[in-house]
Amino acid sequence: MKTYSGILAALFTTLVILGCGGGDKGDEILIGEFGSLTGTTATFGQSTHHGLELAVEETNNAGGVLGKKIRLLVEDDQSKPEEAATAVTKLITRDNVKAIIGEVASSRSLAAAPICQQFKIPMVSPASTNPEVTKKGDFIFRVCYIDPFQGEMLARFMYNSLGFKKAVILKDVKNDYSVGLAQYFRQTFESLGGTVVAEQAYSEGDSDFKAQLTALKAAEPEAMFVPGYYIEGALIVKQARELNMTMPIVGGDGWDSSKLLEVGGQAMNNTYFSTHYSTDDTAAAVRSFVTKYSARFNERPDAMAALGYDAGLILFDAIRRAGNTDGTAIRDALAATSDFTGVTGSITIDERRNARKPLVILTVENASLKYKESIQP
Amino acid sequence: MRLHKSGLMLIAAIVTGFAISRFEHLINPYYYQVLIYIGINIILASSLNLINGFAGQFSLGHAGFMAVGAYTSAVVTSQLHFASSSMLNTAAFSLALLLGGIVAAIFGLLVGIPSLRLKGDYLAITTLGFGEIIRVIVQNLDFLGGARGFTGIPKLTNFVWVFSTVAIVILLVSNLINSTYGKSFLAVRDDELAAETIGISSTRVKVIAFVTGAFFAGVAGALYAHFVTYINPAQFSFLKSFEIVVMVIIGGMGSIFGVILSAILLTILPEMLRSVAQYRMVVYSLLLIVIMITRPRGLFVRTRTAKQSVALKTLR
């Protein structure tokens, strides 16, 4: 019985000490971030956080916003939607943050968005591409493009830039992102005058695609579209090359990972995929971001880091233009964002609070990534 | 007499819930949210305790039943939601909660009848498999939103609903366990063969515990869905089942009070640890290890006195 009360007493003392947080100071603007610092998609959350941290440091070194320093409060959501809801409620009602940045995964953004809307606190999502997210209310924004746009642009790229009329699709049925992209790609490609001569499906986690590929090969396509994630994408390309399918293969932003070339190697030559920015881009904003990020965190910034950075800068710019930290004022300023020069291109917020911005196409040559082109919306 | 008393207690509990909900707006929304999660976790842990703790069957499928309840109720309210009248909302939501529970219970029956004839580890694996099957099926059903999740669920869950359900679960479990019927649960748990010899149908007992547990998991899922207002299949993975199992084990298998306390503790603990940011789950896990080493029978289970141990030994 003694040990029992001892443990309990120790536990609660620890909790009380840990539970005492910091307070609000007058010379700071509090910004809340919720992200998947741990859990199944931890790399997304950490990259975004690094990008955002860089944006905050830079802004503060340049004198802050409205004469005040930005203070970033970050909450981990363990890659779980219900945790995201709690984290955001805590940030808004206990820490009194003026705006929220997050999340990468649409599922967590969808859980948090109604709360931000309810308390009239603007929320900027760096990378949630599900169209539903910004439909949650007029305080919800994003700085990335949405899936329908990506599917459409990739179809235009294949038809116009590459000049192909006969395509096949190999999609991941388990993954809604992949199914959505395939659907939007097909619609646009066919309306342009091209034909999708065959379509096959696989499931995330598969490792043998020869059956589907053989069926697709029989349709004699000029090009293949493989929306999905990088692991399966690389394996599909590799096996297609083994079957002597030498045609160009096109993927979406799910391919953007250093793992793609590790798995695919030389087989990845003559493939194209869309992403949010290229580290090889010669634009001044990109060059300075890549240099600063690499120096600060000792790694090359991926797309999530760039989007986190842009989300931060767009928000700070909006607060500056709003002139105060009132939620509605910041929202109006965010909605009026136009031609903002970010790392991921020139960003304009449209009437649906989505970002209108260019899409970057990368290609693989000699097993390394090369910038191909930017497609303007 | 007992039933009469329980009824009174239940009414008292619901009235208290209403009384507290009058002051709902005075509570910081963050604490309010944690309070709701505590309630939902108590329902989940207490209902699993019925299966794992009292009937002695190790189930790892609780998140699956929760998913069934969540999705069923979400479909019901999205079809029946009348924003204009709060009376109709209440009626629609009670129906949704009930249906969520009933459909989960039917699934519990379907899984339970064949698999509860199995013993020990086999049951754990079957239920684990069931949970994953549910998740994958939902992932592939377009009308439930597939992998993208079900959006636009009305926010109907409030303190009164959660508090009343908690009261019902606790009363039901404690009454059941103290009844003759409940004694047969304990008999099956302690020695299945002996229980069979005195005429207790062990499969029947297990199925009843399993179905009741599944019912409340379904109701908890429904409450959860109407609080978070957005559900997707990934929220109901086997990790969620493990979380609930941990609550039961930390509280002490078969201890009603212990499991309630541990559900409260394990919901508050990660919130308290927010100040250590991404390291909080490390601290959290360390605390769990320490608890398991120092109190292997559960944090809130009284250890037997020396006298009781001796008495037990002589009995054997």
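**Chain contacts, then strands and helices**

Author: 30 residues of chain A are in contact with 26 residues of chain B. Keep in mind that this is a predicted model.

Reader: Which elements of chain A supply at least two residues each to the side that touches chain B?
Author: These are α1 (2-19), β2 (69-76), α3 (81-93) and α4 (106-118) of chain A.

Reader: Which one gives the most?
Author: α3(A), with 7 residues.

Reader: And by class, how many residues are nonpolar, polar and charged on that side of chain A?
Author: There are 10 nonpolar, 11 polar and 9 charged residues.

Reader: Switching to strands. Why is β1(A) called largely enclosed?
Author: Strand β1 (residues 28-35) of chain A has 8 residues and 6 of them are buried, so the rest of the structure largely encloses it.

Reader: What joins β1(A) to β2(A)?
Author: 8 bridges, and the two strands run parallel. Within β2(A), A:Arg71 is the bridge partner of A:Leu30.

Reader: Which helix goes with them in the β-α-β unit?
Author: Helix α2 (residues 42-61) of chain A. Together with β1(A) and β2(A), α2 of chain A makes a right-handed unit.

Reader: How many bridges pair β1(A) with β3(A)?
Author: 3 bridges, in the parallel sense, with β3 covering residues 99-101 of chain A. In β3(A), A:Ile101 stands opposite A:Glu33.

Reader: Next, the open sheet of 3 strands. What is the order?
Author: β11-β12-β13 in chain A, with antiparallel pairing. The edges are β11 (340-342) and β13 (355-356) of chain A, each pairing on one side only.

Reader: What links β12(A) to β13(A)?
Author: 2 bridges join β12 (residues 345-349) of chain A to β13(A), and these strands run antiparallel. A:Ile349 stands opposite A:Ala355 in β13(A).

Reader: Which helix lies across β11 and β12 of chain A?
Author: Helix α11 (residues 303-322) of chain A, which runs at about 150° to β11(A).

Reader: Over to chain B. Which residues of α7(B) are buried?
Author: In helix α7 (residues 180-190) of chain B, they are B:Ser184, B:Phe185, B:Val188 and B:Arg189.

Reader: Why do they line one face?
Author: Look down the axis of α7(B): the buried residues fall within an arc of 140°, so one face of the helix holds them.

Reader: What do they pack against?
Author: The buried residues of α7(B) pack against α2 (29-54), α6 (159-178), α8 (192-197) and α9 (202-228) of chain B.

Reader: Which exposed residues are on the face turned away?
Author: B:Thr180 and B:Asp190, on the face of α7(B) turned away from its buried side.

Technical notes. Residues are numbered from 1 along each chain as its sequence is written. Chains are lettered from A and ligands numbered from 1 in the order in which they are written. This is a predicted model: local features need pLDDT of at least 70, side-chain atom pairs count only at pLDDT 80 or more; totals for chains, interfaces and linings use all residues. Two residues are in contact if their C-beta atoms, placed from the backbone, lie within 7 Å. Helices (H or I, at least four residues) and strands (E, at least two) are DSSP runs, numbered from the N terminus. Ala, Val, Leu, Ile, Met, Phe, Trp, Tyr, Cys and Pro count as nonpolar, Asp, Glu, Lys and Arg as charged, and the others, Gly among them, as polar. A residue is buried if 20 or more other C-beta atoms lie within 10 Å of its own, exposed if 12 or fewer, and partly exposed in between; C-beta atoms are placed from the backbone. The arc is that of the directions from the helix axis to the C-beta atoms. Two strands pair if DSSP finds at least two bridges between them. A crossover is right-handed if, with the strands pointing away from the viewer, the path from the first strand over the helix to the second runs clockwise. Axes are lines fitted to C-alpha atoms, for helices over the stretch in contact, and angles run from 0 to 180 degrees between N-to-C directions.
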